[in-house]
Amino acid sequence: MSAINELYKQLIIDHGRKPRNFGKLEKPTCCKDGFNPLCGDQLTVYVKEHDGIIDDLMFEGEGCAISTASASLMTQALKGKTVDEANVLFKAFHSVVVEGAPAAKYKEQLGKLIVLTGVAEFPARVKCATLAWHTLDAALKGNQQPVSTE
Ligand code: ZN
C-alpha cells in the first residue's frame, strides 16, 4: 500500500473512532434520519440553517467506520458554508464516489473528503460513504420521507 493510501486509511479510522461534531444539536432548523440497510448504518443529521448558511451541523447514530468517518468529515467540510456550496460539494463527491470520476479533477474542492474517494473501488461501501450526504440533502430540502439508500 502506498504512503498516501495509508495516510487516507489512518484518517478514516481516526474519524470513524472519534467522529467530530457528534451528538444532538439543540433546536435544529431541520433534522433527518438516514438508513443504509445494506450495511446497517443509521444516523441522524441535525442542521441549523439561517439565511442559506449552514451555521451548525451535527450528527449521531451508529454505523461502520466508513459511514461514521464520512459523516464526520462532511460536518467539518460544510459548517459555515452556504447551502449552495454544500450542494456543489455533494455533487463533486457524488461524481467521484458513485460515478467514478477521477478524484484528481476535484482535489481542491474536496479537501479532506478526498480520503473517502477510495471507496469508489468498493461498490458495497459506496452507500456507507454517501449516506450522510443523502440524509443532509433530504434535511435541507425538507423531504418528509425517511432516507434509505435502498
Ligand atoms: Zn457501512
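**Zinc site, pocket and cavity**

Reply: The zinc ion takes its protein donors from Cys 39 (SG), Asp 41 (OD), Asp 41 (OD), Cys 64 (SG) and Cys 128 (SG), at 2.2 to 2.6 Å, where donors are N, O and S atoms within 2.8 Å of the metal (3.2 Å for Na, K and Ca), and water is not among the atoms, so sites may look incomplete. This is a predicted model, in which local features need pLDDT of at least 70 and side-chain atom pairs count only at pLDDT 80 or more, while totals for chains, interfaces and linings use all residues. Residues are numbered from 1 along each chain as its sequence is written, and side-chain values use heavy atoms, with hydrogens and water left out.

Me: What spacing do the donors of the zinc ion follow along the chain?

Reply: The spacing of the zinc donors is C-x1-D-x22-C-x63-C.

Me: Is Asp 41 buried or exposed?

Reply: Buried means under 20% relative accessible area, exposed over 50%, and partly exposed in between (1.4 Å probe, protein chains only). Asp 41 is buried, because its relative accessible area is 1%, whereas Cys 39, at 36%, is partly exposed.

Me: What volume does the largest pocket have, and which helix gives the most to its lining?

Reply: On a 1 Å grid over the protein atoms alone, a pocket is an open set of points with protein on both sides within 12 Å along at least five of seven lines, a cavity is a set where a 1.4 Å probe fits but cannot get out, and lining residues have an atom within 4 Å of a point. The largest pocket here has a volume of about 390 Å³, and of its 13 lining residues the closest to the centre are Ile 12, Val 115, Gly 118, Val 119 and Phe 122. Helix α1 (residues 3–17) gives the most to this lining, with five residues; helices are DSSP runs (H or I, at least four residues), numbered from the N terminus.

Me: How many cavities of 30 Å³ or more does a search of the whole structure find?

Reply: The search finds one, and the largest cavity holds about 30 Å³ of space. Its lining consists of Leu 78, Ala 86, Asn 87, Phe 90, Trp 133, Leu 136, Asp 137 and Leu 140, with the largest share, four residues, coming from α5.

Conventions
Grid points are joined across faces, edges and corners, and a volume is the space filled by probe spheres set on the points. Helices (H or I, at least four residues) and strands (E, at least two) are DSSP runs, numbered from the N terminus.
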